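User: I've got a structure open and would like to talk it through, a few questions at a time. Can you take a look with me?

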Amino acid sequence: MVQEIQWSDYFSVKVEDVDEQHKTFINMIHQLNEDYKRNVEPERIQYVLLEMIIFARDHFKTEEDYMKKFGYPEYQSHESMHTEFMNEMLRFFKAYEEKPDDTIEKILDFLKSWFIDDHVLLADRRLGNFIYQRLGSEQSSK
Ligand SMILES: [Fe+2]
Ligand SMILES: [Fe+2]
């Protein structure tokens with residue numbers, strides 16, 4: 001069983017719109033987990049997965065726009081992690097179509113570890129600190 005994730009300040013990257021999107025994404029992971037536990041039909045799960053893929057794409061764009069705007073030095077490595085996430089999710093989406101029962105727990109594990117343990121708490125937090133400093137100096141130079 002996949003462990004539940006709760007939003008807390010611990011996850012904050014200090015940039016409000018990015019935090020809000022991360023919260024929404026955590027809610028989507030919860031939704032997926034709930035649907036899975038309640039054994040809802042595969043079509044419903046596929047719909048949620050698709051929503052998550054679309055949401056992740058928009059979220060990555062938010063972060064990448066910040067990176068471009070402020071000339072983030074780790075842009076390329078961060079962006080390639082986003083691309084890898086999208087590719088992996090698309091692979092999972094196809095795998096789920098073929099073998100839903102074998103795939104759903106793998107998807108939940110992947111989402112949890114990638115989004116929460118690996119990416120948000122490391123790469124996004126580093127980016128968040130960078131944006132936070134730049135936004136601060138933008139405000140004080142007005
Ligand atoms: Fe990111
Ligand atoms: Fe993120």
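User: Is tryptophan 7 buried, partly exposed or exposed?
Analyst: Keep in mind that this is a predicted model. Tryptophan 7 sits in the segment before H1. A residue needs 20 or more other C-beta atoms within 10 Å to be buried, and 12 or fewer to be exposed. Tryptophan 7 has 16, so the call is partly exposed.

User: Which residues is tryptophan 7 in contact with, leaving aside its neighbours within four places in sequence?
Analyst: Isoleucine 26 is 19 residues away from tryptophan 7 in sequence, yet their C-alpha atoms are 7.2 Å apart. With neighbours within four places in sequence set aside, the contacts of tryptophan 7 are Lys23 and Ile26.

User: How are H1 and H2 oriented relative to each other, roughly parallel or roughly antiparallel?
Analyst: Their axes come within 10 Å and cross at roughly 165°. Angles over 145 degrees count as roughly antiparallel. The crossing of H1 and H2 is left-handed, by the way. So, going by the angle, H1 and H2 are roughly antiparallel.

User: How do the residues of the contact of H1 with H2 divide into nonpolar, polar and charged?
Analyst: On the H1 side the contact includes Val18, Phe25, Met28 and Leu32, along with Asp17 and Gln21. H2 brings in, among them, Ile45, Val48, Met52 and Phe55, as well as Arg44 and His59. Sorted by type, the residues of this contact come to 9 nonpolar, 5 polar and 5 charged.

User: Which residues does methionine 28 contact, leaving aside its neighbours within four places in sequence?
Analyst: Methionine 28 is in helix H1 and belongs to the contact with H2. It counts as partly exposed because it has 18 C-beta neighbours inside 10 Å. Skipping neighbours within four places in sequence, methionine 28 touches Val48, Glu51, Met52 and Phe55.

Definitions and conventions: Residues are numbered from 1 along each chain as its sequence is written. Chains are lettered from A and ligands numbered from 1 in the order in which they are written. This is a predicted model: local features need pLDDT of at least 70, side-chain atom pairs count only at pLDDT 80 or more; totals for chains, interfaces and linings use all residues. Axes are lines fitted to C-alpha atoms, for helices over the stretch in contact, and angles run from 0 to 180 degrees between N-to-C directions. Helices (H or I, at least four residues) and strands (E, at least two) are DSSP runs, numbered from the N terminus. Angles under 35 degrees count as roughly parallel, over 145 as roughly antiparallel, 65 to 115 as roughly perpendicular and the rest as oblique. A crossing is left-handed if the near helix is turned anticlockwise from the far one by less than a right angle, and right-handed if clockwise. Two residues are in contact if their C-beta atoms, placed from the backbone, lie within 7 Å. Ala, Val, Leu, Ile, Met, Phe, Trp, Tyr, Cys and Pro count as nonpolar, Asp, Glu, Lys and Arg as charged, and the others, Gly among them, as polar.
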